[in-house]
Number of protein chains: 2
Amino acid sequence: MAAKRTGARSKQPRRQSETLQPEQEPRGEPPLSRERIIATAVELLDAQGVDGLTMRRLADRLGSGVMSLYWHVDNKEDVFDLALDSVLEYRGPPQTGESRDWRAEVVHMLDDWRGGMLRHPWSASLLPRRALGPNILGRLELLSKTLAKAGVADADLNVAIWSLWNYVMGATITRASFDLSDDDRAAAQQRLERLGESYPTIERSRLLLDDDWEGTFRKGLGLLLDGLSSRYDP
Amino acid sequence: MAAKRTGARSKQPRRQSETLQPEQEPRGEPPLSRERIIATAVELLDAQGVDGLTMRRLADRLGSGVMSLYWHVDNKEDVFDLALDSVLEYRGPPQTGESRDWRAEVVHMLDDWRGGMLRHPWSASLLPRRALGPNILGRLELLSKTLAKAGVADADLNVAIWSLWNYVMGATITRASFDLSDDDRAAAQQRLERLGESYPTIERSRLLLDDDWEGTFRKGLGLLLDGLSSRYDP
DNA sequence: GATTGACTCGTACGGCGTACCATACGATGG
DNA sequence: CCATCGTATGGTACGCCGTACGAGTCAATC
């Protein structure tokens, strides 16, 4: 059976010229490492989306063999977990630690969280399906601490946190998905126009064409925090 | 080439006995149809999750060849779209149409929406990634109409709708994901205990062990609607 | 009887994740 | 100096996937 396989262009074995000493890394690729794998995975995910990440492509980008990856990571799920956590780091609010009110602090962290996920649109929909990594737990801890300091009673703390979580996740997943396919909105608009009589109200309000994601997010978050405030610090 | 394939138990060509008229469908499998394919896909998704649905398994369950499916559906994505929409139908509020206040109406629809998705836990995380089908558009239209009738100004309508959407989607996706893996929570608890010092507040509030999803959902939704009410019908 | 259109499905292709195994190489220590 | 061993690399192969292609069956029609 003659191999019909594609190129597999032989990579010559590093031995390019013995007179020229190897310097450090002219172009022979730095060695594999967990960190480099994750960074490259994030690049690949940003460029090609969730389905675009395959172990083969990842190895290609790294200039290595596929199976070499498995020395550094357990499996593909592991790559997802690590890439996801790497994108959720939080450096904290910009100013001094004490001068701001709890509401500004909360809004800043949530906004930064959402921003990080939107810069890597594959991340939002991945987050709920994976175990919670250290960075997202850190954000929850900070949120928890801020709200507690603001006077939210222990009994109501979890409701408040999960409500904010739900809102941010829903907003970001929705936004990231719509972002990926602008034509979906065109298609939806067309469908709406064809079936105009079926959906008069959302057609009139141009719900699906609303472009002001940022503003809508902030205002909705405001509604939620209003609900919180009216209950806990009238 | 001897067929090494599995069973493929030859379906005799319906011609079983000309004296006995064919009844309707003794056990020869009803014929393939778009509807039967979708119903079976939903069964399979419920039983095995998103990754459990493959065209081969689907065909197996239907007692047909794999490629026969492609006469009735375009491709696997099509199957997802149809299965998803089939799960999002809304039959409306239980009582007479006029007597209830807008808030009860909204809560009922959103609760029913969430319930439907949780009965099919694969559906929630699928919804944002696919084009909006007629059933979910119908829900948005109803929501839109109810809020408009309740006095929400046109300019604020989209913010209100998207906020509710975000909240419901976030809550349901999160819940459905946690549902799938109870051990995630055990693992998270363990991690929290090992790293107790890193996350004291969320450990103390037992955030990740909170079991009252239903109650948390309702209370958070209450917060959001409070924010809405305080603005639009003080 | 020939033709057509609706429907079914076997085969095959390219791609996937990853198990298994052979290899290469620096450090160790006899 | 050679043997051994831990670290790291990667080729091959297996079983699974989605689906293109084209051959087949069968009822209705001419």
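The area buried between chain B and chain A of this predicted model is about 5000 Å², with carbon and sulfur atoms giving 63% of that area; buried area is the accessible area (1.4 Å probe) that two parts lose on being put together, summed over both. Trp162(B), Leu207(B) and Leu223(B) supply 13% of the area that chain B buries against chain A, more than any other three residues. In terms of contact (heavy atoms within 4.5 Å), 52 residues of chain B meet 52 residues of chain A. The model is predicted, so that local features need pLDDT of at least 70 and side-chain atom pairs count only at pLDDT 80 or more, while totals for chains, interfaces and linings use all residues; side-chain values use heavy atoms, with hydrogens and water left out. Residues are numbered from 1 along each chain as its sequence is written, and chains are lettered from A in the order in which they are written.

Across the interface of chain B and chain A, 14 residue pairs are in polar contact, both residues being at pLDDT 80 or more. A polar contact is a pair of N or O atoms within 3.5 Å; within protein, one must be able to donate a hydrogen and the other to accept it, and residues adjacent in sequence count only if both atoms are side-chain atoms. On the side of chain B that touches chain A, two or more residues each come from α7 (134-149), α8 (154-180), α9 (182-194), α10 (200-204) and α11 (213-232) of chain B. Helices are DSSP runs (H or I, at least four residues), numbered from the N terminus. The most is given by α8(B), with 16 residues. By class, this side of chain B has 24 nonpolar, 15 polar and 13 charged residues. Ala, Val, Leu, Ile, Met, Phe, Trp, Tyr, Cys and Pro count as nonpolar, Asp, Glu, Lys and Arg as charged, and the others, Gly among them, as polar.

Over all chains the structure holds 18 salt bridges, each a side-chain nitrogen of Lys or Arg within 4 Å of a carboxyl oxygen of Asp or Glu. Between chain B and chain A the count is two. Asp154(B) is paired with Arg204(A) in a salt bridge at 2.8 Å, N to O. Asp154(A) forms a salt bridge with Arg204(B), with the closest N and O atoms 2.8 Å apart. This pair joins two chains, because Asp154(A) lies in helix α8 (residues 154-180) of chain A and Arg204(B) in helix α10 of chain B.

Within chain B, helix α1 (residues 34-48) and helix α2 (residues 55-62) pack at an angle of about 115°, their axes 10 Å apart. Axes are lines fitted to C-alpha atoms, for helices over the stretch in contact, and angles run from 0 to 180 degrees between N-to-C directions. By class, the contact of α1(B) with α2(B) has six nonpolar, two polar and four charged residues.
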